[in-house]
Amino acid sequence: NSLGAIRELCISDPRAAEQAIGEFAVFLRCNMNSLTMDKPIPFEDELNHTKNYLKLEEMGFGERLNVKFDIETMDFSMPTLTLQPVVENAVRHGIEPKDGGGTVWVTVKDEGECISITVSDDGVGFDPSVPPPDTKRKHVGMQNVRERLRRMCGGTLEIRSAPGEGTTAVIKIPKEK
């Protein structure tokens with residue numbers, strides 16, 4: 001997706017394409033480093049990785065993509081590549097197909113026993129009871145996030161959605177005892 005957006009920028013705005021390539025290099029470097037991680041990382045690192053991804057998307061979407069953050073705490077760790085894929089799903093499957101674009105909200109709250117990270121969008125939504133269309137691509141992104149959360153910190157991911165009403169994904173990370 002990012003390379004496609006950069007390709008279009010090469011024609012329409014070469015200076016923006018140059019900037020996007022730099023952002024994409026940082027993004028890929030973080031992804032490659034994540035492959036060797038077998039324990040949670042500071043939330044701030046995952047948030048920065050997610051914001052780097054969003055910079056790339058904002059270059060392609062322009063004013064069609066709005067992102068709002070409400071971060072109550074950053075004093076916790078989470079598995080790498082957990083927040084970014086959830087935000088990417090909100091952008092790609094919620095906002096991108098919506099006429100006029102929309103907004104993604106990332107909210108982090110300390111709920112006492114756990115940290116709650118909510119990613120919501122006002123995109124097109126979907127019916128969770130209907131399986132995704134049969135495409136050549138495997139739909140394993142959220143399954144991988146759930147597995148990393150479960151294995152690395154005992155966390156969970158719950159997704160709620162309805163057509164025309166957007167989607168909300170809630171990550172719960174138990175506090176360390």
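Modeller: Let us begin with Arg15, which is exposed at a relative accessible area of 69%, where exposed means over 50%, buried under 20% and partly exposed in between, with a 1.4 Å probe and protein chains only. The model is predicted: local features need pLDDT of at least 70 and side-chain atom pairs pLDDT 80 or more, whereas totals for chains, interfaces and linings use all residues. Residues are numbered from 1 along each chain as its sequence is written, and side-chain values use heavy atoms, without hydrogens and water.

Colleague: In which helix is Arg15 found?

Modeller: Helices here are DSSP runs of H or I with at least four residues, and strands are runs of E with at least two, both numbered from the N terminus. By that numbering, Arg15 belongs to helix 2 (residues 14-34).

Colleague: How far apart in space are Arg15 and Lys55?

Modeller: Along the sequence, Arg15 and Lys55 are 40 residues apart. Taken from C-alpha to C-alpha, their separation in space is 15 Å.

Colleague: Which residues of helix 1 are buried?

Modeller: Helix 1 spans residues 2-12, and the face turned away from its buried side carries the exposed residues Arg7, Glu8, Ile11 and Ser12. The buried residues of helix 1 are Ser2, Ile6 and Leu9. Down the helix axis they fall within one arc, taken from the directions from the axis to the C-beta atoms, so they line one face of helix 1, and that arc is 60 degrees.

Colleague: What span does helix 5 reach from its first C-alpha to its last?

Modeller: Helix 5 covers residues 141-153, 13 residues in all. The expected span is 1.5 Å times one less than the number of residues. Helix 5 comes close to the expected 18 Å, with a reach of 18 Å.

Colleague: Why do the buried residues of helix 5 lie on the same side?

Modeller: The residues concerned are Met142, Val145, Arg148, Leu149 and Met152, which are buried in helix 5. They lie on the same side of helix 5 because the arc they cover around the axis is only 120 degrees.

Colleague: Against which elements do the buried residues of helix 5 pack?

Modeller: On the other side of helix 5, Gln143, Arg150 and Arg151 are exposed. The buried residues, by contacts between heavy atoms within 4.5 Å, pack against helix 4 (83-95), strand 6 (156-161) and strand 7 (167-174).

Colleague: Which aromatic rings form a pair?

Modeller: Rings of Phe, Tyr and Trp (its six-membered ring) pair if their centres lie within 6.5 Å; planes under 30 degrees apart count as stacked, over 60 as edge-to-face and the rest as tilted. The count by this rule is one aromatic pair. With centres 4.6 Å apart and planes at 20 degrees, the pair is stacked, and its members are Phe43 and Phe76.

Colleague: How many residues separate Phe43 from Phe76?

Modeller: Both Phe43 and Phe76 are buried. Phe43 is in helix 3 (residues 43-61), while Phe76 is in the loop between strand 2 (65-71) and strand 3 (77-78); the two are apart by 33 residues.

Colleague: How many salt bridges does a search of the whole structure find?

Modeller: Side chains of opposite charge can pair when their charged atoms come close. A salt bridge requires a side-chain nitrogen of Lys or Arg within 4 Å of a carboxyl oxygen of Asp or Glu. The search finds nine.

Colleague: Which residues are linked with Arg92 in a network of salt bridges?

Modeller: Arg92 is buried, at 12% relative accessible area, whereas Glu96 is partly exposed, at 36%. Their side chains meet in a salt bridge of 2.9 Å, N to O. In the network, Arg92 is linked with Glu57 and Glu96.

Colleague: Which residue forms a salt bridge with Lys98?

Modeller: Lys98 is partly exposed, with a relative accessible area of 25%. Its side chain meets its partner at 3.9 Å, N to O, and that partner is Asp122.
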